Amino acid sequence: MTQDILSVPGADVARVRAASPAPRVAVVLGSGLSGLAEAVSPATAIPFAELEGFPRAERVAGHAGRLVCGALAGVDVLAFQGRTHQYQGVSALAAAYPARLAAAAGCEVLMVTNAAGGVSGELATGDIVLISDHINLMGTNPLVGWPGPEGGTPFVPMRDAYDPGLRALARTAAAAERIELRDGVYAGLLGPTYETPAEVGYLRSVGADVVGMSTVPEVIVARALGVRVLGFSLVTNSAAGEGLSHDEVLEAGRVAAGDLTRLMLAILRRL
Ligand code: HPA
């Protein structure tokens, strides 16, 4: 029997189950967005370093990591404060570890968030984008080498990867909270460079609205494992903007993150 490459070490699943026996939703909190995890109560925090299968990589400021298990708005969640990106030198499969652990722990839904650059001229810093679809421009796919589920194939459909029912729920929650929500297509690039102006022009021409360096591997793996996905980008800058720095991205994330946190709580209450 071949090792299922999408599995995670049994010790990691046991560790999570000891903290939270039946989590329903996993939340991945991107750059500057980790505040939501502070609302988990009662909470058990597991440093990423204590999870055997968590990909080891160089630390990037703003991406410090731990997994917070507990209840959020009445729902048992696994909240990943930070993630490992492929640009840190890990594979797409490794970068998708949160989705693999979430599925192994029994989560039905994966909510992903990220900081992203605005590609569409209609988006401004601080806008919250409900991801309607993505374009995988990372040059790789986490399912490479995966034979598919028992008796199946690896050809996972990616139509409606971002669950239409959950997106409708997100819109309802946003309206109730009076939070403006834009729809957009997320382009996932490998990084770690920000985009050249020519690349931003290219992204616009292929239909991308926001651009970032994460999310795509996690979403692909979640869909392969039958987990429903909801995704949000927080626009922290205009892609290829002048003097773009990681500090500015983090600061913009902090300012607008309050609204996104409130929106996610409102969605969880409606699940
Ligand atoms: N490009 C890619 N990734 C990003 C950006 C960007 O402009 N902003 C935040 N993450």
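Colleague: Is Tyr 97 buried or exposed?
Modeller: Tyr 97 is buried, at a relative accessible area of 0%. Buried means under 20% relative accessible area, exposed over 50% and partly exposed in between, with a 1.4 Å probe and protein chains only.

Colleague: What sort of model is this?
Modeller: This is a predicted model, in which local features need pLDDT of at least 70 and side-chain atom pairs count only at pLDDT 80 or more, while totals for chains, interfaces and linings use all residues. Residues are numbered from 1 along each chain as its sequence is written, and side-chain values use heavy atoms, leaving out hydrogens and water.

Colleague: How many aromatic pairs are there in the whole structure?
Modeller: The search finds three. Rings of Phe, Tyr and Trp (its six-membered ring) pair if their centres lie within 6.5 Å; planes under 30 degrees apart count as stacked, over 60 as edge-to-face and the rest as tilted.

Colleague: Which geometry do Phe 48 and Phe 54 show?
Modeller: Their pair is stacked, with 4.0 Å centre to centre and 15° between the planes. Both Phe 48 and Phe 54 are buried.

Colleague: And Phe 54 with Tyr 97?
Modeller: That pair is edge-to-face, at 5.3 Å centre to centre and 75° between the planes.

Colleague: Which residues do ring pairs link into a cluster?
Modeller: The cluster consists of Phe 48, Phe 54, Phe 80 and Tyr 97.

Colleague: Turning to Leu 67, what is in contact with it?
Modeller: Leaving aside neighbours within four places in sequence, Leu 67 is in contact with residues including Val 16, Phe 48, Leu 51 and Phe 80. Contact means heavy atoms within 4.5 Å.
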